[in-house]
Structures are given as structure tokens and as C-alpha cells.
Amino acid sequence: MYQEYIWKKYKTQEKQVNTFAENYKEFISKGKTERLCVEEGIKLCKEAGFKELKDVKELKPGDKVYAVNHNKNLAAFVIGDKPLTEGLSILGAHIDSPRMDLKQNPLYENETFTYLDTHYYGGIIKYQWVSIPLALYGVVVKKDGTSISIAIGDAPNDPVVGITDLLIHLSGEKLQKTASKVIEGEGLDILIGSIPLEDEDKEPSKKAILKLLKDKYNIEEEDFVSAEIEVVPAGLARDFGLDRSMIAGYGHDDRVCAYTSLRAVLDTPKCTKTTCAVLVDKEEVGSIGATGASSMWFENVIAEMISLTEAYTDLKLRKALANSYMLSSDVSAGLDPLYPSVMERKNSAFLGKGICFNKYTGSRGKSGCNDAQPEFIAKLRNIMDKEEICYQTSELGRVDQGGGGTIAYILANYNMNVIDAGVPVLSMHSPMEIVSKVDVYEAYLAYKAFLKNM
Ligand code: MN
Ligand code: MN
């Protein structure tokens with residue numbers, strides 16, 4: 001079914017949709033960072049009987065394995081009947097989401113308030129992140145290698161932190177500024193304490209916080225240098241709307257496609273081709289680095305897997321990658337009726353119309369886009385119709401309105417066929433993103449249909 005509202009389809013299957021939504025809500029509520037998404041993903045892999053690739057001596061059809069990279073990437077595979085050189089069916093999503101990261105020297109005191117200084121990560125509209133409860137997640141790694149996990153703000157009795165905003169009574173001048181300037185990057189400082197330490201003249205409030213950090217976590221100020229702490233919205237994902245048709249949460253982009261992609265691989269029995277879900281980091285900042293989609297890691301994993309099935313050659317690796325088909329599982333911008341002017345309606349994604357395929361992304365004349373082959377799209381149409389999947393197609397807004405990119409073009413560099421396919425989102429990149437429950441479930445079904453038939 002192409003471009004139709006699909007709640008009708010689910011009149012009788014509402015239970016599956018809701019059960020899936022509950023499991024997904026739990027996943028994003030726990031997976032507030034890429035490390036935590038990997039942790040949750042590994043749990044799901046283990047529950048489904050997957051073994052870690054590094055513990056495996058050989059691979060044969062039907063084997064189920066997963067690989068982890070720097071605690072920030074996860075790939076899960078079910079080995080198919082055909083050799084790897086004939087290509088894989090890959091679902092690729094990213095598990096990093098826009099947020100604020102603590103700077104390396106974050107701690108300071110001002111007028112007996114203690115603050116943590118941040119540098120924002122990815123594209124955020126800064127004014128959306130003030131005056132809301134925030135949580136702190138991440139790791140502090142000590143010089144001796146011990147890693148201390150931080151998770152403050154989501155347990156029922158936890159305190160929250162946040163960024164204060166100026167009162168309306170005194171905001172006359174501030175409100176004259178443009179929206180991009182009204183809150184500046186250096187203004188995103190997190191208030192975390194206000195009790196001064198007794199008998200301390202110099203920075204008594206900061207010293208009190210340092211004492212607390214030492215007592216509770218064994219962290220010294222200098223340890224922030226080797227820490228990675230992310231400031232994210234506090235609170236769990238929740239049903240949205242009086243009819244509970246939607247989910248409000250932080251990080252739907254792109255954990256909604258990561259979860260559905262991973263579940264699709266875990267829940268699909270052995271296929272003719274090897275199936276794969278790969279979850280990457282750093283998409284929101286250009287997919288660079290050891291844990292981004294541009295990293296050699298994924299290629300290395302495939303090389304490793306070939307060597308566990310047959311005599312390895314470089315040519316076999318290249319063939320395996322070039323013969324693969326991939327859905328770059330990433331979210332689309334849903335049409336928001338409050339802001340219709342940025343969209344071109346007949347090429348827009350709608351919440352409640354199922355998974356959305358984007359032939360291309362990019363901006364200003366498709367610049368930077370992947371632009372999937374029509375031959376590949378025709379195959380997908382055939383699969384979606386055969387499996388009765390509801391799907392739609394879209395562009396990211398009106399021509400010359402803006403734009404964006406995904407990991408699609410990076411994997412396409414191996415000469416594999418890649419297209420973007422994911423869940424439409426409202427308020428994307430905000431602290432409270434919104435998706436439709438039927439789209440989440442339909443994406444899961446679409447990913448499974450792709451794995452089974454590609
Ligand atoms: Mn994305
Ligand atoms: Mn994004």
C-alpha cells in the first residue's frame with residue numbers, strides 16, 4: 001500500500017503495535033547514549049541466542065553473531081545459505097542523537113552556583129534546551145583504566161539538572177534578538193549545585209560539588225579530562241496524544257530505526273543471504289572517526305566473517321560489499337501542519353502512513369545526496385506490495401528550504417545499492433521528538449520484509 005493512512009490496517013492488530021511500542025519505549029528510555037544503546041542491543045542479541053563474533057571459530061548458515069566496536073557500534077548478523085561474496089542484506093542506523101557534551105574542563109563557580117560547561121553535539125535549536133529537566137549520562141575513565149558509569153536524572157528519586165532562562169519581566173532586550181542568537185552556544189551551562197562548603201573562601205560551592213563527586217563516585221576534577229558525559233533530556237519516553245497513538249521521547253532520531261532494524265534481524269529466521277543490522281555513531285556530526293559510518297570497522301568485521309567461512313581474499317571482501325543491498329534506516333521529517341510552508345505536500349512524509357523511503361537527501365540541488373537506483377527502488381516496491389507493507393516516499397522539505405544527509409552515501413561508496421528508509425518524526429532534534437506507533441511497527445515489518453526477500 002502506497003501513501004495511505006494505516007491505522008485502519010491495525011484495527012484488529014492493535015495489540016502487536018502496542019506491545020512493540022512498549023518495548024521500544026523501554027529501549028529509548030534506557031538507551032540515552034550510544035554506549036547505552038549498544039548495551040541494550042547486546043542484551044537483545046544475547047536473549048535471541050546471538051554469540052559474540054570474537055568468540056566464534058567458524059561460521060556456517062544459520063549462525064547468529066554480533067560484533068561491538070569501542071562500546072559505541074553494534075552489528076548483528078544471521079548467516080545465510082549463500083556465500084558472503086554474493087552480498088548481504090543490511091539495515092544501517094545511527095544511535096547518536098543531538099545533545100550537549102561536557103567540555104574537558106567543565107566545572108566552574110559563579111555567585112555560589114556551580115555549573116558544568118558544555119559544547120553541543122549535532123544540530124540543536126538551542127532555545128529548546130533551556131528551562132527543561134536534564135539528565136547526565138556517560139563514563140569517567142580514571143588513569144588506571146577503571147570506568148565509572150554516570151546516570152543521574154531518570155531514576156524516580158534522582159535529582160535533575162538544567163539550564164536556567166531569563167524571566168519574561170526582564171527579557172525585553174533579549175527578545176529582540178533572532179531565534180538563533182537568543183540562546184548562544186556558550187550560554188548552554190548546566191546548573192548543578194548551590195551549597196557552599198563550610199570554611200572555604202575560594203570557590204566554596206564548586207568545592208562542595210567536588211567533595212560530593214569524590215565521595216559518591218571517586219571522581220577528581222582532573223578526571224573530567226578523560227570523561228564522556230552527555231547532557232540529555234530527563235524523563236522516560238511516553239505515550240503522546242489522548243488516543244495514545246504517538247510516542248514522545250528523546251532520540252527517536254535515529255534510535256527508532258536502530259531498534260526496529262535490530263529487532264528485524266533478531267526476529268527473522270535464516271535467509272538465503274546473510275542479514276545484518278549495523279548501528280553506528282557520529283552520524284549527527286558527519287559520520288567521521290573510529291565509530292562513525294566512515295570507519296573501517298564494518299569492513300573489517302565483514303573481512304573477519306569471510307575468513308571464518310572460507311579462504312579469505314581481498315577480492316572476496318570487495319565482492320561481498322559491492323553485492324550487498326542496504327536500507328539506510330534513518331528518520332524522515334514528518335509534515336507538521338503547523339509549519340506547512342517548508343514542505344512540498346505531495347513529496348512529504350506523513351505520520352501514520354508507514355515507513356518512508358527517501359530516494360535522495362542532500363540540499364541545494366541534491367548536493368551531497370546518495371540518490372538510489374530506480375532498479376533497486378522497483379525491487380523494493382515489489383517486496384513492499386508482496387508483503388502488504390504500507391510505505392510512502394518523501395524529500396526533506398521544499399527545494400532550497402534546507403536539507404540534510406544520512407549514512408547512505410558512505411556505504412554506497414562500496415558500490416552497494418543503498419536507499420534511505422525510516423520512520424517520519426515531528427519536532428526532530430528537539431528534546432521531545434514525536435513518532436506514530438503504527439509507523440514504528442510498520443518500519444519493523446518493512447525491514448523484516450526486506451531481509452526476507454532481498
Ligand atoms: Mn538521523
Ligand atoms: Mn539527525
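Is F113 buried, partly exposed or exposed? With a relative accessible area of 37%, F113 is partly exposed, and its surroundings are taken up in the third of the close-up views described below, all of which show a predicted model.

**View 1. The manganese ion (ligand 2) and the residues that coordinate it.** The site links distant parts of the chain, since D253 belongs to helix α5 (residues 252–267) and H429 to the loop between β21 (424–425) and β22 (433–436), 176 residues apart. Both D253 and H429 are buried.

**View 2. The aromatic pair of Y10 and Y441.** The model contains 14 aromatic pairs, among them Y10 and Y441, which are arranged edge-to-face with 5.7 Å from centre to centre and 75° between the planes. Here too distant parts of the chain are linked, with Y10 in the segment before α1 (14–30) and Y441 in helix α10 (residues 437–453), 431 residues apart. Y10 counts as buried because its relative accessibility is 0%, and Y441, with a relative accessible area of 9%, is buried as well. Y10 and Y441 belong to one aromatic cluster that also includes F20, Y24, F27, Y259 and Y444.

**View 3. The aromatic pair of F113 and Y115.** The ring centres of F113 and Y115 are 6.3 Å apart and the ring planes meet at 70°, so this pair is edge-to-face. The relative accessible area of F113 is 37%, which makes this residue partly exposed, whereas Y115, at 14%, is buried.

**View 4. Charged side chains placed over tyrosine rings, at Y121 and at Y5.** The charged end of R99 sits over the ring of Y121, at 3.7 Å from the centre of that ring.

Definitions and conventions
Residues are numbered from 1 along each chain as its sequence is written. Chains are lettered from A and ligands numbered from 1 in the order in which they are written. This is a predicted model: local features need pLDDT of at least 70, side-chain atom pairs count only at pLDDT 80 or more; totals for chains, interfaces and linings use all residues. Side-chain values use heavy atoms; hydrogens and water are left out. Donors are N, O and S atoms within 2.8 Å of the metal (3.2 Å for Na, K and Ca); water is not among the atoms, so sites may look incomplete. Helices (H or I, at least four residues) and strands (E, at least two) are DSSP runs, numbered from the N terminus. Buried means under 20% relative accessible area, exposed over 50%, partly exposed in between (1.4 Å probe, protein chains only). Rings of Phe, Tyr and Trp (its six-membered ring) pair if their centres lie within 6.5 Å; planes under 30 degrees apart count as stacked, over 60 as edge-to-face and the rest as tilted. A charge sits over a ring if NZ of Lys or CZ of Arg is within 6 Å of the ring centre and within 35 degrees of the ring normal.
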